[in-house]
Amino acid sequence: MLGEVTAQFDQRLVDLGTPRQRCVLAALAVDAGRLVPADRLVGRVWGADPPRRGRATLQTYVSRLRGTFAGAVAIVHRSDGYALEIDQADQAVDLLRFHALRDRARGAGDDTRRVALLTDALALWHGQPLSGLSGEWVEGERSRWLQERWAAEHDLVDAQLAIGLGDELVAPLSARAGQHPLDERVAGQYMLALHRAGRSADALDHYRQLRERLIEELGTDPGAALQNLHQQILTVDPNLLHTPAGTATQPVAIPRQLPAAPAWFVGRHDEFDRLDTTLPTSGLSEDGTPSAGEEMPAWTMMLISAIGGTGGIGKTWLALTWAHRNLDRFPDGQLFVDLRGFSPTGRPVRPADVLGGFLDALGVDRDRQPTDPDRRAELYRSLIADKQMLVVLDNAATTDQVTPLLPGGHHCTVLVTSRNQLRGLIARHGARPIHLDVLTDAETHALLAATLGPDRVTAEQPAVAELIDLCGGFPLALGLIAAHAAADPHLSLADIAAELRTLGLDALDSQEPTASLPAVLFWSLHHLSDEQREVFALLGIAPGPDTGLPAAAALTGLPERKTHAVLRALTDASLINRTPSGRYAMHDLVRAYAITIVDYLPTEVQETALRRVVDFYTHTARAAAALLDLHRDPTPLDSPAPGVHLHPLHDIPTALAWFDTEHASLLAAQHTASTHHWHSTVWWLAWSLHTFHYQRGHHHDRLTVWQAAVDAAVHLPDPTTSIHAHRYLGLAYAEQGRHENAITHLDQALTLAEHHHNPTHQAQTHQALAWTWEQRGDGRQALAHARRALDLLRGRDRPVWEADALGAVGWCAARLGDYDTARDHCQAALTMYRHHDNPTGEATTLESLAYIDHHNGHHQQAINRYHHALSLYRYHGNTYDIADTLDALGHPHAALKQTGQARTVWRKARTLYQEQGRNDDATRVQHQLDNIDSQPPQDTKPGT
């Protein structure tokens, strides 16, 4: 696989078929000998948009591959997955052999042996890995393997230098140094090879060129290791003739989330010294634990706080520059997040969402993460407890926002930047504050000289002095001025100073975070077209923390291609950023400036733009919701504003992916609609988000959007909007166990439905009340409401809803021990669900019938029904209900004394409950596991 994906059998090439079939083999081969779940294989082969019959197609490819290898290589199927079983897999698969040789080299105590092993490992490569294949998984693996190859090449050179080689390495290292001119490790290897080849003058000259380039491009000197090597070459240190063995670092796949370091950075020497001395380095053994007789420092975290809370003072620049200069201290990786603590149009990022991103970077797939924030935090702390990592929490708002993101133990270091002093972080967690002030005049001069060139600064000394005076040492202002002047070398600094003087740049000294921004950004907009300036202003009021291209097109009213061109121009002007996921975001200060200039646009332009983008979100969300629930009531929605084109969504996976991506923007869009009194839109966004919120377990957001919908529905002419809103708000309260609030709103919904003589809504509300009372533990109240719902729905020509009501009566009756009534109603519901193709309702009813069978002593029939329900849930990816079904399935197994099967399904249920944050359920299942052997035989007579 370290080239084109091929296979040999009996010294002949095997025809592996189409690229997709070869991708199946590759996706199995990377985990040869281990079970790969079928869903993971489908994701690797087809990405986020698999075909409708992806699993069936996967089975076809597997069958063909089995025939190709004629039994010599086994592809076995078990536990809903496949495994490629090959004798001596690490010899048969070149990737695994590369890893095995590399790992043996790491553990080799002899440098000569290390050279041989790494040479053999690198000889396995013959081009780009996975050549001929494409897709998200392929690209990710290819990038990761190339990084591993690059690291192995580094380690090989280290080992070759360790055994005394030099002259033989000059030519290849010369080429490598040319390809990577700022890589200090390559530079050090090349300098040592030159020195050993008798070309010490060339080695010193290479160091001089590298140092000049680092200062010019990055504003920094070479690191300590390279400086020491330079000094050793100058003094002809005899130790350079031989390097002790075992010095090569071992490459590890680790998260590296740090954004790039600032291109130009000057000064801050005192702050760097404090960061260096604050970071604990003594008292630790080689494995990072306290040395014998040494006490671990109580502090492992630092806080960077800006003067007066002012934004743009350079907190993030300092944090990133220091982090990049000290990467060697954090061999296990770096995590980074912008907490958006001071974004003027949106809420700070929730710690639970940050933890989701961190866990993803640490290898925990999103669908396997706990939904409960506390459990997420515990898993996060567990994963990094013994790692030496750096965590950068940028732009924090409060101590409470930061606290869940702090790792435990003594190995990690945390940098927090904030405009607030975060005294709680200092008092409760021992953070060491670093006070960051403006740059001195000398540092400001050095920054302008580094960015504009010393000749230009010298030639325009009076203008430079005025700029220094006007900027007051404010880094954000200086950076923007320098970029503007560097981009247009024909524009005099005197002209720039005149513009800034006219706009009053001296306001930078104030405490207001946006007070100086209009003056600093004026010239950034000066050379943009009118259209580009208008789009920039509108982006400032766009709902959500960032904006995708389709939403931006709706906001601007421009065609998507034209919108993309304008966004690219704004990105080139450093006014907006394009995120790795392809969305567009503004720094909060830049957005604040955009908001101030949007007032210069006519009110009609602003209102129309907001109406378009909110309509885009509303109508696309409605289309996505229809895919998630095919039996949803087709309530009509007014046409979107002119110029709005919905984002195309083809199936359930694309609908869920769109909701996941746009969730924050959808919530912000509803907030925007509320502030503009677009009451119908507020209601529709709540309605469209309902199924998504249920499936993803966003109970808090579900409560929030329906509360807004209740307030909006008062102003709408259709009374059913209030009925819907109160009913779903009641269900949202019930989901959180707040039953009194739930029943209050459900009673309100029922009163409205009865007042407006709407039997359908009365029935749906009675059914909601049945579920709420059943959750509360009052089965008789629940059954009464369920029966009333069924009575109201009979003859209404709403078969799926009638089936829901039948199933509800059946379940409530079963819970009260009336199994004959329960069975009759559930069988009727099952027939209707199957006739109208509702697999979710079918699965739920099968569960109820299985419960009835179990309590009538028909345990094997109950087991069969539970398995049928599980197959339906699994086909639709419904892990939430799978956990409940596995929990229930254990009881008939236990009744049949099948304790092994009961333990298996209960352990699976417990694991799913823990991952979903359903801790009470997980604890209950654990008690079942603890007691399975001690319980007396279960009475299997009917009615028990």
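Below are my entries, from the whole chain down to single residues.

**Ground rules**

I'm working with a predicted model, where local features need pLDDT of at least 70, side-chain atom pairs count only at pLDDT 80 or more, and totals for chains, interfaces and linings use all residues. Residues are numbered from 1 along each chain as its sequence is written, and side-chain values use heavy atoms, with hydrogens and water left out.

**Whole chain**

I looked up the secondary structure and got 42 helices and 12 strands in the protein chain. Those are DSSP runs numbered from the N terminus: helices are H or I with at least four residues, strands are E with at least two.

Of the 944 residues in the chain, buried ones make up 50%. Buried here means under 20% relative accessible area, exposed means over 50%, and partly exposed is in between, with a 1.4 Å probe and protein chains only.

Then I looked up contacts, meaning heavy atoms within 4.5 Å. Among contacts between residues at least 6 apart in sequence, 66% join residues at least 24 apart.

**Helix α11**

Which residues of α11 are buried? I noted L226, L229, H230 and I233 for this helix, which runs over residues 224-234. They share one side of α11, because they cover an arc of only 100° around the axis. The arc is that of the directions from the helix axis to the C-beta atoms. A224 and N228 are exposed on the other side. I also checked what covers the buried residues, and the cover includes α9 (184-196) and α10 (200-218).

**α24 against α26**

Next I looked at how α24 (residues 530-541) packs with α26 (residues 560-572): the angle is about 85° and the axes are 10 Å apart. That makes the two helices roughly perpendicular, a label for 65 to 115 degrees; under 35 counts as roughly parallel, over 145 as roughly antiparallel and the rest as oblique. Axes are lines fitted to C-alpha atoms, for helices over the stretch in contact, and angles run from 0 to 180 degrees between N-to-C directions.

From α24, the residues in the contact are E531, Q532, V535, F536 and L539; from α26, they are K562, V566, L567, A569 and L570. I sorted them by type and got seven nonpolar, one polar and two charged. For the sorting, Ala, Val, Leu, Ile, Met, Phe, Trp, Tyr, Cys and Pro count as nonpolar, Asp, Glu, Lys and Arg as charged, and the others, Gly among them, as polar.

**Two residues with positive phi**

N395 has phi near 65°, a positive value in a residue other than glycine. N395 sits in strand β8 (residues 390-396) and counts as buried because its relative accessibility is 10%.

D797 has phi near 60°, again positive and again not a glycine. I found D797 in the loop between α35 (779-793) and α36. Is D797 buried or exposed? D797 is exposed, at 69% relative accessible area.

**G810 in α36**

G810 lies in α36 (residues 799-815) and is buried, with a relative accessible area of 0%. Leaving aside neighbours within four places in sequence, G810 is in contact with A822, H825 and C826. I also checked A828: G810 and A828 are 18 residues apart in sequence and 9.6 Å apart in space, C-alpha to C-alpha.

D853 is in α38 (residues 839-855) and counts as buried at 3% relative accessibility.

Which side chain does H854 make a polar contact with? I found the side chain of H859, at 3.1 Å. A polar contact is a pair of N or O atoms within 3.5 Å; within protein, one must be able to donate a hydrogen and the other to accept it, and residues adjacent in sequence count only if both atoms are side-chain atoms.

**Y873 in α39**

Last stop: Y873 lies in α39 (residues 859-875) and counts as buried at 3% relative accessibility. Not counting residues up to four places away in sequence, Y873 touches A843, T844, E847, N878, D881, I882 and T885. The side chains of Y873 and E847 are joined by a polar contact of 2.7 Å. Y873 and T844 are 29 residues apart in sequence and 9.2 Å apart in space, C-alpha to C-alpha.
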